[in-house]
Amino acid sequence: MNKILIGAIGAVALGLSAPASAADMAARPYTKAPPPMVAAIYDWSGFYIGINGGWGSSRNCWDFVTPVTGTLIDDGCHNATGGTVGGQVGYRWQSANWVFGVEGQGNWADFSGRNISPTAPGQQNRTRVDAFGLITGQIGYAWNNVLVYVKGGGAVVDDRYDLIVAPGFVGAGTIFGSADGTRWGGTVGAGVEFGFAPNWSVGFEYDHIFLGTRNVDFTLGGAFVQTERVRQDVDLALIRLNYRWGGPAIARY
């Protein structure tokens, strides 16, 4: 009987000491849950300004316009090629992956080329492009910081035309008629742009300018010399660098 009593007392004592021992144990440390994953998505929205440079080629085909009858006589074709540098300013806004924009661009140019007339061997025709400007709308598709786009709008080109005495003739190299012209037309283009820093992007762009055909009157010292019908278009290959104002990226969970 005593052994049973002693065993019961021991069991009660052990049961009373267990909660006390648990209370004396150190509290379980609290660990904060890790934050959710956040992906930075490049945002193309905002105003931007930039510079560009590259190469261009102007294709020019001339026809002599016969006085009175207006009959055209082939004077041949040539490419006026050279370098160009300029700048652009614009605004883009992004909706999902689609990017829309408007842009104005102005460039100095040094394109020059010439040919000897196939029907008047003593005449050399020269075209020079001194400047051009583009006003365009854009639509593009973005894969995060990579943007592919097409553009289209209006264009203006500043031309100078010269009639020169051809090599092998008396007075070779002498200019006997000149004309200046500002020609308006349309343009289409396409490009790809890469955002390499929060507000900076670099890209490559190709543009084609359609200028159609127009009559150009040549003069020398204010006196009329002759009329040429000139058909012209221009191709451009440009590298562009832009700085954009606006949020460089948005967070997506």
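## A cluster of rings

Phe47, Tyr91, Trp93 and Phe100 are joined into a cluster by ring pairs. Rings of Phe, Tyr and Trp (its six-membered ring) pair if their centres lie within 6.5 Å; planes under 30 degrees apart count as stacked, over 60 as edge-to-face and the rest as tilted. By that rule there are twelve aromatic pairs.

This is a predicted model, where local features need pLDDT of at least 70, side-chain atom pairs count only at pLDDT 80 or more, and totals for chains, interfaces and linings use all residues. Residues are numbered from 1 along each chain as its sequence is written, and side-chain values use heavy atoms, with hydrogens and water left out.

## Two pairs up close

Take Tyr161 and Phe218: their ring centres are 6.4 Å apart and their planes sit at 65°, so they pair edge-to-face. Tyr161 is in strand S6 (residues 146-165) and Phe218 in strand S8 (residues 200-220), so the pair ties together parts 57 residues apart in sequence. Strands here are DSSP runs of E, at least two residues, numbered from the N terminus. Tyr161 is buried at 0% relative accessibility, and Phe218 is buried with a relative accessible area of 0%.

Then there's Trp200 with Tyr243, centres 4.9 Å apart and planes at 65°, so this pair is edge-to-face. Trp200 is partly exposed at 37%, and Tyr243 is partly exposed at 27%. For these labels, buried means under 20% relative accessible area, exposed over 50%, and partly exposed in between (1.4 Å probe, protein chains only).

Methods
Helices (H or I, at least four residues) and strands (E, at least two) are DSSP runs, numbered from the N terminus.
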